[in-house]
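I set out to record the fold and the charged side chains of this chain. The entries below follow the order in which I looked things up.

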Amino acid sequence: MDKYQEKFMQKAIELSIVNVATGGGPFGAVIVKKGEIISDGTNNVTKKNDPTAHAEINAIRNASKKLKNFSLKGCEIYTSCEPCPMCLSAIYWANIDKIFYANTRKDAARIGFRDEHIYKELSTPMKKRMFPLIQVNIKDAKKAFELWEYKKDKVSY
């Protein structure tokens, strides 16, 4: 890890420490573009009663708002912990180029975070998962897909 990567990771770690002290979860993240921090985020799940308010998600939301773009191509994310499946998916959807992390998901599990069961659930066949996935009303749902498919002015993502 070079000195810049160390600096950005240290910022993510500092955010996580301060966040715990102010009533949030032990996670922080920063998004960097061209060697400059463009956004940060902390875990505010309990502060906002929002199960999606993870540090990485908040940092992505802040970066997208600042850059006025849903694509964060050319950016890197530094996060105080290996991303959970939701955050990892969001990082992929945002087109972030690289992920740097400090603590592992096993470290998170040791302090009570349950990411591992979600990782296992995703590799379980759908019929054997904890929650059933039940497909309903396929015919009507296809209409929006058809409209999208032939929309001339759509913005693909």
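This is a predicted model: local features need pLDDT of at least 70, side-chain atom pairs count only at pLDDT 80 or more; totals for chains, interfaces and linings use all residues.

**Charged pairs**

I began with Lys73, which counts as exposed at 56% relative accessibility.

I then looked for the partner of Lys73 and found a salt bridge between its side chain and that of Asp97, at 3.5 Å from N to O. Lys73 sits in the loop between helix H3 (55–67) and E3, and Asp97 in the loop between helix H4 (85–93) and E4, so the pair ties together parts that are 24 residues apart in sequence. Asp97 is partly exposed, with a relative accessible area of 41%.

I turned next to Arg105. Its side chain meets that of Glu82 in a salt bridge of 3.9 Å, N to O. This pair links distant parts of the chain: Glu82 is in the loop between E3 and H4, Arg105 is in helix H5 (residues 105–110), and they are 23 residues apart. Arg105 also forms a salt bridge with the side chain of Glu116, at 3.3 Å from N to O. Since Arg105 lies in helix H5 and Glu116 in helix H6 (residues 115–122), the pair ties together parts that are eleven residues apart in sequence.

Glu82 is buried at a relative accessible area of 17%, Arg105 is partly exposed at 24%, and Glu116 is partly exposed at 23%. The total I recorded for the model is five salt bridges.

**A buried glutamate**

Which side chain of opposite charge is nearest to Glu76? I found Lys98, 4.4 Å away. Glu76 is buried yet has no salt bridge; the cut-off for one is 4 Å. I located Glu76 in strand E3. Its side chain makes a polar contact of 2.8 Å with the side chain of Tyr78. Leaving aside residues up to four places away in sequence, I listed the residues that Glu76 touches: Val30, Ile31, Val32, Ile96, Lys98 and Phe100.

**The sheet**

I traced the strands next. Four of them form an open sheet in the order E2-E1-E3-E4, with mixed pairing. Strand E2 (36–42) and strand E4 (98–103) are the edges, each pairing on one side only. Neighbouring strands of the sheet are turned by 15° against each other on average, direction ignored.

I examined the pairing of E3 (residues 75–81) with E4: the two run parallel and are joined by five bridges. Within this pairing, Ile77 has Ile99 of E4 as its bridge partner. I then followed helix H1 (residues 3–21), which lies across strand E1 (28–33), E2, E3 and E4 and runs at about 150° to E1.

**The whole chain**

The protein chain has seven helices and four strands. Read from the N terminus, its elements follow α-β-β-α-α-β-α-β-α-α-α. Along the principal axes, the C-alpha atoms fill a box of roughly 55 × 40 × 30 Å. I noted that 34% of the 157 residues count as buried. Among contacts with a separation of 6 or more, 49% are between residues 24 or more positions apart.

Note on methods. Residues are numbered from 1 along each chain as its sequence is written. Side-chain values use heavy atoms; hydrogens and water are left out. Two strands pair if DSSP finds at least two bridges between them. Axes are lines fitted to C-alpha atoms, for helices over the stretch in contact, and angles run from 0 to 180 degrees between N-to-C directions. Contact means heavy atoms within 4.5 Å. Buried means under 20% relative accessible area, exposed over 50%, partly exposed in between (1.4 Å probe, protein chains only). Lys and Arg count as positive and Asp and Glu as negative; His and the chain ends are not counted. A polar contact is a pair of N or O atoms within 3.5 Å; within protein, one must be able to donate a hydrogen and the other to accept it, and residues adjacent in sequence count only if both atoms are side-chain atoms.
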